[in-house]
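This report describes a pocket and a set of aromatic rings. The sequence and structure come before the details.

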Amino acid sequence: MLDVLLRAVAIGIGATVLMDLWAILLNKVFGQAKPNWAPVGRWVWHLRDKVFHDDIGQAVPYRHELALGWAFHYLVGIVYGIVLVAVAGAGWLAAPTFLPAFILGIVTVGAGWFLLAPGMGAGWAASKRPNPMQIRALNLVSHTVFALGLYGTALLIR
């Protein structure tokens, strides 16, 4: 059982690393801004008081918000790795297939669209941002890359 849990954790970490490498590639090749995890850390810090903010930038800063944002980013990736193995079953670890990872990757976009974005003041699915369709498309692509990371890491450690 511990082996299954550790492998699920590794799958989540591997997928998150691939997603971060994707963000670096987008930055280097297309000049796309890298994710800034400090506002996410500030949002996590303020969850004890409030979930939905009009603008997280107006919330009181937290000294370690960047570190908290990065930690939260990886914690979420780990949780998704565990969820994938729990839903697909431990047998999936022996013979991983892409479809369960892809379905989870796309489903997890919903957490960003319907919790994180409105929580930080960006509106449902980034509707309050000047470029919501671009953000949504990038979210779908990034979470597909995350799904490839789930699957690829599972293949590497089987």
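## The largest pocket

The largest pocket has a volume of about 1,300 Å³. A pocket here is an open set of points on a 1 Å grid over the protein atoms alone where a 1.4 Å probe fits, with protein on both sides within 12 Å along at least five of seven lines; lining residues have an atom within 4 Å of a point. The volume is the space filled by probe spheres set on the points, which are joined across faces, edges and corners.

This is a predicted model: local features need pLDDT of at least 70 and side-chain atom pairs pLDDT 80 or more, while totals for chains, interfaces and linings use all residues. Residues are numbered from 1 along each chain as its sequence is written, and side-chain values use heavy atoms, without hydrogens and water.

## The lining

The lining of the largest pocket has 40 residues, and P35, W37, V40, L116 and N139 lie nearest the centre. Two or more lining residues come from each of α1 (2–30), α2 (38–46), α3 (65–88), α6 (109–120) and α7 (132–157). Helices are DSSP runs (H or I, at least four residues) numbered from the N terminus. The largest share, eight residues, is given by α6.

## Aromatic rings

The whole structure holds 10 aromatic pairs, meaning rings of Phe, Tyr and Trp (its six-membered ring) with centres within 6.5 Å. F114 is in helix α6 and W124 in the loop between α6 and α7, 10 residues apart. Ring pairs also link F52, W113, F114 and W124 into a cluster.

Methods: Phe/Tyr/Trp six-rings, centres within 6.5 Å; stacked < 30°, edge-to-face > 60°.
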